[in-house]
Structure formats: structure tokens, C-alpha cells
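Subject: Structure for you to look at

Hello,

Please find the structure we spoke about below. My notes on it come after it.

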Amino acid sequence: MEFVHLHLHSEYSLLEGACRIGEIPKAAAAMGQKAVALTDSGVLYGAVAFSEACRTAGVKPIFGCEIFLPGEKDGRGRETDPDSLILLVKDEEGYRNLLVLVSEGFTKGGDPRGPRVSLPSLLSHTGGLIALSGGLSGRAAKKILDGSREGAEE
């Protein structure tokens with residue numbers, strides 16, 4: 001079975017990623033990987049450079065993004081930390097939908113802590129996208145850690 005990184009941040013994920021776009025595909029190729037994903041936090045700034053670097057290294061680029069959904073409300077009505085969700089592009093429709101969602105995060109997200117995508121918008125732009133759980137910052141993991149299996153399944 002081959003390994004492929006599906007959640008990887010570059011220098012465009014401010015304060016989160018140290019990987020340089022041009023080095024990512026080279027490193028993947030050196031480890032015998034045939035593909036690698038770029039899923040920066042809330043942005044697609046590195047997509048063109050990533051595509052070119054992957055082509056040069058002979059590695060298939062997988063485009064994606066870590067988006068953020070508004071957190072749930074706590075007992076005082078304040079939003080908890082945002083919920084992370086990794087979206088990977090499957091086809092051209094998915095790329096267009098991801099562009100819409102990332103743009104919305106900046107233009108309509110309305111949160112000084114960073115871009116947020118509304119759940120209704122996400123649900124209306126799912127075509128061509130593959131969603132991953134978002135790791136420990138995702139809603140499912142948060143529910144599991146809170147002891148709510150039902151909430152995680154939902």
C-alpha cells in the first residue's frame with residue numbers, strides 16, 4: 001500500500017506550516033510517493049506554484065484546503081474554537097466549489113480570528129470535493145473527546 005500525505009501545510013499557512021512549496025513534491029518523490037496534497041489553512045495561495053513544482057518532480061498534485069466552520073456555542077453563547085474540515089479536490093467542479101468556499105471565508109466569514117465558511121454554504125458546494133475529518137480540530141473529534149459518540153456520528 002502506498003502512502004500519500006493528504007493534510008499538509010506550506011509556508012502559506014501562517015504560523016502553522018514551514019514546508020516550502022517547491023520542496024514538498026521533491027521530498028514526496030524522494031520517498032517514492034506518487035502524489036501529495038496541499039491543504040493550507042483557509043487559503044489557496046500556493047496552488048499554482050504547487051502545481052508547477054509537482055509537474056517538475058513528477059508527482060501528482062492534490063489540491064485542497066483546511067477550511068473552518070464556526071464553532072458551536074458554549075453555555076454563555078460564545079463561539080467555541082472553529083471546527084476544522086479538510087477538503088480535497090476530486091475534479092474541476094470540486095476546484096470551482098473550493099474557490100467559492102475559500103472566497104466566502106474571507107468575504108462573508110466575518111470573524112476577526114480568520115476566515116469562516118457557513119455550514120449552509122458548505123452543504124451547497126460539496127460537488128467534486130472529498131471531506132476529511134479535520135483531525136483533533138474537527139467537530140467529530142471534539143465530540144468524541146467530550147464523550148458524545150452520538151454527536152460525533154451526527
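What follows is a short account of the chain, from its overall build down to single residues.

Please keep in mind that this is a predicted model.

Overall build. The chain holds six helices and four strands. Read from the N terminus, its elements follow the pattern α-β-α-β-β-α-α-β-α-α. For 154 residues the globule rule gives a radius of gyration of 15 Å, and the chain comes close with 16 Å, so it is as compact as a globular protein of that length. Along the principal axes, the C-alpha atoms fill a box of roughly 50 × 35 × 30 Å. Of the 154 residues, 41% are buried. Taking contacts between residues at least 6 apart in sequence, 65% join residues at least 24 apart.

Four strands form an open sheet in the order 1-2-3-4, and their pairing is mixed. Strand 1 (35-38) and strand 4 (129-132) are the edge strands, each pairing on one side only. On average, neighbouring strands are turned by 30° against each other, direction ignored. Four bridges join strand 1 and strand 2, which pair in the parallel sense. Alanine 37 stands opposite isoleucine 62 of strand 2.

Helices on the sheet. Helix 2 (residues 47-57) lies across strand 1 and strand 2, and runs at about 155° to strand 2. Helix 3 also packs on the sheet, where it touches strand 2, strand 3 and strand 4. The direction of helix 3 makes about 150° with that of strand 3.

The cores. The largest nonpolar core has 13 residues, and Ile67, Leu87, Leu98 and Leu122 have the most contacts inside it. Strand 2 (60-69), strand 3 (83-89) and helix 3 (92-107) each supply at least two residues of this core. A second, separate core has nine residues, including Ile21, Ile24, Val36 and Leu38.

A loop residue. Lysine 73 lies in the loop between strand 2 and strand 3. Is lysine 73 buried or exposed? Its relative accessible area is 58%, and the cut-off for exposed is over 50%, so lysine 73 counts as exposed. Leaving aside neighbours within four places in sequence, lysine 73 is in contact with Arg78 and Glu79.

Regards

Note on methods:
Residues numbered from 1 in each chain as written. Predicted model: local features only at pLDDT ≥ 70, side-chain atom pairs only at ≥ 80, totals over all residues. Heavy atoms only, no water. Core = buried A, V, L, I, M, F, W, Y, C linked by side-chain atoms within 4.5 Å. Buried < 20%, exposed > 50% of the residue type's maximum accessible area, 1.4 Å probe, protein only. Pairing = 2+ DSSP bridges. Axes fitted to C-alpha atoms, helices over the stretch in contact; angles between N-to-C directions. Contact = heavy atoms within 4.5 Å. Rg over C-alpha atoms; globule rule 2.2 N^0.38 Å.
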